[in-house]
Structures are given as C-alpha cells and as structure tokens.
Amino acid sequence: MAETTYRKLRAQVQELALLVAADAETIRQIGQRADQNAQTVARVADQLAGLEVDNHTTGEAKDTARIMRGLSQSAIATASAADTVQGAARAADAQARRSHEGIDEQVGAMGVPMARAAFYEQE
C-alpha cells in the first residue's frame with residue numbers, strides 16, 4: 001500500500017490545480033478559435049446568399065456556424081468550470097496548510113522517528 005503523507009498530498013493537490021488551470025486555458029483557446037471560425041463561416045454564408053447561391057448550401061453554412069457557436073459556448077462553460085475546480089483545489093491546499101502545517105513542522109522537528117499509525121491504535 002502506498003503511503004500518503006501530508007507533503008505528498010499537498011504536492012498532488014497543487015499539481016492538480018496547475019494541470020486544471022493549463023487545461024482550462026487550452027479549452028478556452030479552443031472555444032475562442034471555434035467562435036472565430038463560426039463568425040467566418042457565417043460571413044461566408046452571407047456572401048453565398050448575396051451571390052444568390054441555393055438556399056440549401058447557404059443553410060448548411062449557417063447551420064455549421066450555429067453549431068460552431070454552440071461548441072464555443074460549451075468550451076467557455078467548461079473552462080469556467082475548470083477554473084472553479086482549480087479554485088477549489090487551491091482552497092483545499094490552503095485549508096490543509098492552515099490546519100496541519102504546524103503539526104507537520106513539529107513532527108519534522110522531532111529527533112525520534114514516529115511509529116506507524118497502527119502502533120497507536122487501541123485493541
């Protein structure tokens with residue numbers, strides 16, 4: 001069984017916060033790109049309509065732009081949710097530090113190594 005320690009747990013939570021932030025930024029960029037592409041496709045659809053291209057073709061272009069806008073909105077909502085997760089991870093790390101940092105420092109300062117937790121369990 002892998003041993004989880006205070007320091008390892010905090011390091012993992014901090015790493016999670018960084019990874020989620022990076023992923024949120026990537027997702028946000030994808031959403032922005034999808035929105036830019038949707039605007040371009042919508043302009044093309046308008047240009048096609050101005051050239052009196054058949055309604056089926058212009059309609060497909062407009063539908064594609066609408067779908068891409070929906071993708072953009074979903075990506076932005078996902079990035080926002082990831083921002084919330086990152087904030088929660090940072091808050092959990094800060095709470096762990098406030099609650100347990102002193103204990104960890106005291107244990108680290110002890111000249112005598114601590115026994116495994118099982119030693120302290122009552123029978």
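Student: Where does Glu-52 lie?
Tutor: Glu-52 lies in the loop between helix H1 (6-50) and helix H2 (55-109). Keep in mind that this is a predicted model.

Student: What is the phi of Glu-52?
Tutor: Phi of Glu-52 is near 60°. That is a positive value in a residue other than glycine. The residue comes just after H1.

Student: Is Glu-52 buried or exposed?
Tutor: Glu-52 counts as exposed, because its relative accessibility is 73% and the cut-off for exposed is over 50%.

Student: Ok, zooming out. How many helices and strands does the chain have?
Tutor: The chain has 2 helices and 0 strands.

Student: And how far does H1 reach?
Tutor: From its first C-alpha to its last, H1 reaches 66 Å. With 45 residues at 1.5 Å a residue, 66 Å is also what is expected.

Student: Which residues of H1 are buried?
Tutor: Several alanines are, including Ala-17, Ala-24, Ala-34 and Ala-45. The buried residues of H1 also include Tyr-6, Arg-10, Val-20 and Gly-31.

Student: What share of the whole chain counts as buried?
Tutor: Of its 123 residues, 19% count as buried. The accessible surface comes to about 9300 Å², and 56% of that belongs to carbon and sulfur atoms.

Student: New topic, salt bridges. How many are there?
Tutor: A search of the whole structure finds 4. One of them is between the side chains of Arg-28 and Glu-25, at 3.4 Å from N to O.

Student: Where do Arg-28 and Glu-25 sit?
Tutor: Both lie in helix H1, 3 residues apart, which is about one turn of the helix.

Student: Why does that spacing matter for which way residues point?
Tutor: An α-helix has 3.6 residues a turn, so residues three or four places apart point the same way.

Student: Which salt bridge does Arg-28 form with Asp-83, I mean at what distance?
Tutor: The side chains of Asp-83 and Arg-28 meet at 2.4 Å, N to O. Asp-83 lies in helix H2 and Arg-28 in helix H1, so this pair ties together parts that are 55 residues apart in sequence. Asp-83 is partly exposed, with a relative accessible area of 32%.

Student: What about Asp-63, which partner does that one have?
Tutor: Asp-63 forms a salt bridge with Arg-66, and the closest N and O atoms are 3.9 Å apart. These two are 3 residues apart in helix H2, so about one helical turn separates them. Asp-63 is partly exposed, at 40% relative accessible area.

Student: Which residues do shared partners join into one network?
Tutor: Salt bridges that share partners join Glu-25, Arg-28 and Asp-83 into one network.

Student: Back to Arg-28. How far is Ser-80 from Arg-28 in space?
Tutor: They are 8.4 Å apart, C-alpha to C-alpha, and 52 residues apart in sequence. Ser-80 lies in helix H2 and is partly exposed, with a relative accessible area of 40%.

Student: Last one. Among contacts between residues at least 6 apart in sequence, what share joins residues at least 24 apart?
Tutor: In this chain, that share is 79%.

Notes
Residues are numbered from 1 along each chain as its sequence is written. This is a predicted model: local features need pLDDT of at least 70, side-chain atom pairs count only at pLDDT 80 or more; totals for chains, interfaces and linings use all residues. Side-chain values use heavy atoms; hydrogens and water are left out. Helices (H or I, at least four residues) and strands (E, at least two) are DSSP runs, numbered from the N terminus. Buried means under 20% relative accessible area, exposed over 50%, partly exposed in between (1.4 Å probe, protein chains only). Contact means heavy atoms within 4.5 Å. Accessible areas come from the Shrake-Rupley method with a 1.4 Å probe; for residues, only the protein chains shown count as cover. The expected span of a helix is 1.5 Å times one less than its number of residues.
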